[in-house]
Amino acid sequence: MFDYMIVGAGFAGSVLAERLAAGSGKKVIVVDRRPHIGGNAYDCYDADGLLIHKYGPHIFHTNSKEVFDYLTRFTDWRQYQHRVRASVDGMLVPIPINLDTINELYGLGLNAQQLTQFFADRAERRESVKTSEDVIVSKVGRELYEKFFKHYTRKQWGLDPSELEAQVTARVPVRTNRDDRYFTDTYQAMPRLGYTRMFERMLAHPNIKILINCDYREVRTVIPHRELIYTGPVDSYFDFRFGRLPYRSLEFRFETLNKDLHQPVAVINYPNDYAYTRVTEFKHLTGQEHPKTSLVYEYPIADNGDPYYPIPQPQNAALYKKYEALADATPHVHFAGRLGTYRYYNMDQVVAQALSLYARIAGQTRAEALGKTA
């Protein structure tokens, strides 16, 4: 008899498994339909021995010391500051938009104060900021919105920014200084030996058993357990009773080049050209020394592949509320993670959510929930 069956071996499921086993002495079985642990953060070595992220780049960043310290139990870190360039007007310029972006794009020599005025002169007044289009045009005007955001967003989401909630483009700041880091969080680093090794250490507790390449429905009734923690799509759990929650999916095309490095930074965005949205070169992320290099091209596709991004529109949030009410009324089942709660979380937010759920299950404070280790 297991105390918990956990569906999904990504961040949410793995953190909950580790805490229940090491923190509460519970017996846990983790079930995942994929042939590996780690969820979308899974990394592996390709045929040439290059460390790649199979499901696109995962860059860890957080302002939470609690989350960072917790994950440090399972990995050493490689310090890494993420930088992105956007291919616009034949140039590779910093994104998020900053002082250098504007000076390079327009051949100007503005300072920070002048750039503030530059944006103000071009910004379009909005009575209320409701959509992703509103967010950008109200900050920097229509021309920069067209160059950097409009077409990228259409490719990524299959929708115009005017059809998406403000949160989509609000995630990307606009700066008046020369800081070209994509993130400004206090803690920015990559697991030194990769994410998969970190997950292996997280799930190494003797109270944890792992069953991969298996749909939980195949074993739910034959493996005895007292409670279920579900991190898959919440609508799927309820057999799409109210209809499907829409997602965007991704298709990845990998390329190996016989050269040390190909790009000046890890990621180059292509807002206006090509069908793909961005190209990632993994050696920038991993720090691996290797005579070859691996790139991945990301092609957003409709909801007919693995679910990656919940689509942020009011009608989808309303549909999720119906499933949330069902989830809350389902005894002995807990829902967690990006898919289980239909929210676009970063990795650190998923970890924080999982730690909070464990604290509630264990009847402890967050500090108590983090206190006991194996």
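This is a predicted model: local features need pLDDT of at least 70, side-chain atom pairs count only at pLDDT 80 or more; totals for chains, interfaces and linings use all residues.
Tutor: Two strands count as paired if DSSP finds at least two bridges between them.

Student: How many bridges join strand β2 to β10, and do the two run parallel or antiparallel?

Tutor: In general, the strands of a sheet pair through backbone hydrogen bonds, in either a parallel or an antiparallel manner. In this structure β2 (residues 28-32) is joined to β10 by five bridges, and the two strands run parallel. Within that pairing, Ile 29 has Lys 209 of β10 standing opposite.

Student: In what order do the strands of the open sheet follow one another?

Tutor: Five strands make up this open sheet, in the order β10-β2-β1-β11-β17, with parallel pairing. The edges are held by β10 (208-212) and β17 (333-335), each of which has a single partner strand, so one side of each is left without a neighbour in the sheet. Ignoring direction, neighbouring strands of this sheet are turned against each other by 20 degrees on average. Helix α1 (residues 11-24) lies across β1 (2-7), β2, β10 and β11 (225-230), and runs at about 165 degrees to β1.

Student: What kind of peptide bond joins Ile 95 and Pro 96?

Tutor: The bond between Ile 95 and Pro 96 is cis, with omega at about 5 degrees. Pro 96 is placed in the loop that connects β8 (91-95) and α3.

Student: At what angle do the axes of α3 and α4 cross?

Tutor: Two packed helices are described by the angle between their axes together with the distance between the axes. Here the axes of α3 (residues 99-106) and α4 (residues 112-122) come within 10 Å and cross at roughly 75 degrees. Angles of 65 to 115 degrees count as roughly perpendicular, which makes α3 roughly perpendicular to α4. On the α3 side, Leu 99, Ile 102 and Tyr 106 meet Ala 112, Leu 115, Phe 118 and Phe 119 of α4, so that, by class, the contact has seven nonpolar, no polar and no charged residues.

Student: Which residues touch the most other members of the largest nonpolar core?

Tutor: The general idea is that, in soluble globular proteins, nonpolar side chains tend to be buried together. The largest core here has 111 residues, and those touching the most other members are Ile 6, Phe 11, Tyr 70, Leu 71, Leu 144, Phe 148 and Tyr 195. Helix α14 (residues 347-362) gives the most to this core, with eight residues. Leaving aside residues up to four places away in sequence, Phe 148 touches a set of residues that includes Ala 86 and Val 93, as well as Ile 95, Thr 101 and Pro 271. A second, separate core has nine residues, among them Val 265, Tyr 270, Tyr 297 and Tyr 299.

Student: Is Asp 239 buried or exposed?

Tutor: Asp 239 is exposed, with a relative accessible area of 60%, and it has a positive phi of about 55 degrees although it is not a glycine. Phe 240, likewise not a glycine, has a positive phi of about 55 degrees, yet Phe 240 is partly exposed, at 28% relative accessible area. The place of Asp 239 is in the loop between α10 (234-237) and β12 (247-257), and Phe 240 lies in the loop between α10 and β12.

Technical notes:
Residues are numbered from 1 along each chain as its sequence is written. Side-chain values use heavy atoms; hydrogens and water are left out. Axes are lines fitted to C-alpha atoms, for helices over the stretch in contact, and angles run from 0 to 180 degrees between N-to-C directions. Helices (H or I, at least four residues) and strands (E, at least two) are DSSP runs, numbered from the N terminus. Angles under 35 degrees count as roughly parallel, over 145 as roughly antiparallel, 65 to 115 as roughly perpendicular and the rest as oblique. Contact means heavy atoms within 4.5 Å. Buried means under 20% relative accessible area, exposed over 50%, partly exposed in between (1.4 Å probe, protein chains only). A nonpolar core is a set of buried Ala, Val, Leu, Ile, Met, Phe, Trp, Tyr and Cys residues joined through side-chain atoms within 4.5 Å.
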